Amino acid sequence: MTGLLHRAFSVFLFNTENKLLLQQRSDAKITFPGYFTNTCCSHPLSNPGELEENDAIGVRRAAQRRLKAELGIPMEEVPPEEINYLTRIHYKAQSDGIWGEHEIDYILFVKKNVTLNPDPNEIKSYCYVTKEELKELLKKAASGEIKITPWFQIVAEAFLFKWWDNLNHLSQFVDHDKIHRM
């Protein structure tokens, strides 16, 4: 697979009970339709507001926009300054014979209770899960019962539980210089 390398972001939103908001992608999505994934994943637009690199503010603005578009979260509930940029991962993944991903994925964390009004064209279903429930979901994915997106699987296996255990102390994991090659 030779897809062009591009920027993306993956948002992991936790409520105040430390449960992670997951979504199941709509069956209408071009890549990975019907797959379960983290809260929100997308790409910054090629406009000045979302291209600004300083402290990943452009990517955080893009995340705010997509949280509204996909999950209906009011923009004022997730201002960019409350979206925490942890690190980046580089990965490739095939979706079908034509589509796939080749991304530098900015990992973003939010801890907040939010109002949800999902767009059914974007999201088939959603739920908040505990660590134990996510581990069960990952087992189901491993056995083929359900499908999860490759970037979510990579992050879950390599980093997510360590970060989740330290939601109130994420600063120790902030690494804006390194790109983790997966």
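Which residues does Ser42 touch, not counting residues up to four places away in sequence?

Guide: This is a predicted model. Ser42 touches Ala8, Phe9, Arg66 and Glu70, with residues up to four places away in sequence not counted. Ser42 itself sits in strand E4, residues 40–42. Its relative accessibility is 14%, so Ser42 counts as buried; the cut-off for buried is under 20%. With Arg66 the link is through side chains: a polar contact of 3.4 Å joins Ser42 and Arg66.

Arg66 and Glu70 belong to one network with Lys29 and Glu122, joined by salt bridges that share partners. Side chains of opposite charge can pair when their charged atoms come close. A search of the whole structure finds twelve salt bridges.

Take Arg7 next. Arg7 pairs with Glu53 in a salt bridge, and the closest N and O atoms are 3.0 Å apart. Arg7 lies in strand E1, while Glu53 lies in the loop between helix H1 (48–51) and helix H2 (57–71). The pair therefore ties together parts that are 46 residues apart in sequence. Glu53 has a relative accessible area of 44%, so Glu53 is partly exposed.

A further salt bridge links two loops. The side chains of Glu82 and Lys112 meet at 2.8 Å, N to O. Glu82 is in the loop between H2 and E5. Lys112 is in the loop between E6 and strand E7 (123–129). This pair ties together parts that are 30 residues apart in sequence. Both partners are partly exposed: Glu82 at 35% relative accessibility, Lys112 at 23%.

Another pair stays within one helix. Lys139 forms a salt bridge with Glu136, with the closest N and O atoms 3.3 Å apart. The two are three residues apart in helix H3, so about one helical turn separates them. Lys139 is exposed at 53% relative accessibility. Glu136 is partly exposed at 44%.

The largest nonpolar core has 33 residues. Leu20, Phe109, Leu134 and Leu160 have the most contacts inside this core. The elements giving two or more residues to this core are strands E1 (6–14), E2 (20–25), E5 (84–94) and E6 (100–111), plus helices H3 (131–142) and H4 (150–164). H4 gives the largest share, ten residues.

Leu134 shows how these contacts run. Leaving out residues up to four places away in sequence, Leu134 touches Leu20, Leu22, Val129, Phe152, Leu160, Phe161 and Trp164.

A second, separate core has 21 residues. Phe9, Val11, Ile83 and Tyr106 are among them.

For contrast, consider another serine. Ser171 is found in the loop between H4 and strand E8 (179–181). Ser171 has 63% relative accessibility, so Ser171 counts as exposed, whereas Ser42, at 14%, counts as buried. Ser171 and Gly34 are 137 residues apart in sequence. In space, they are 33 Å apart, C-alpha to C-alpha.

Terms used:
Residues numbered from 1 in each chain as written. Predicted model: local features only at pLDDT ≥ 70, side-chain atom pairs only at ≥ 80, totals over all residues. Heavy atoms only, no water. Helix = DSSP H or I, 4+ residues; strand = E, 2+ residues; numbered from the N terminus. Buried < 20%, exposed > 50% of the residue type's maximum accessible area, 1.4 Å probe, protein only. Polar contact = N/O pair within 3.5 Å; in protein donor to acceptor, adjacent residues only side chain to side chain. Contact = heavy atoms within 4.5 Å. Core = buried A, V, L, I, M, F, W, Y, C linked by side-chain atoms within 4.5 Å. Salt bridge = Lys/Arg side-chain N within 4 Å of Asp/Glu carboxyl O.
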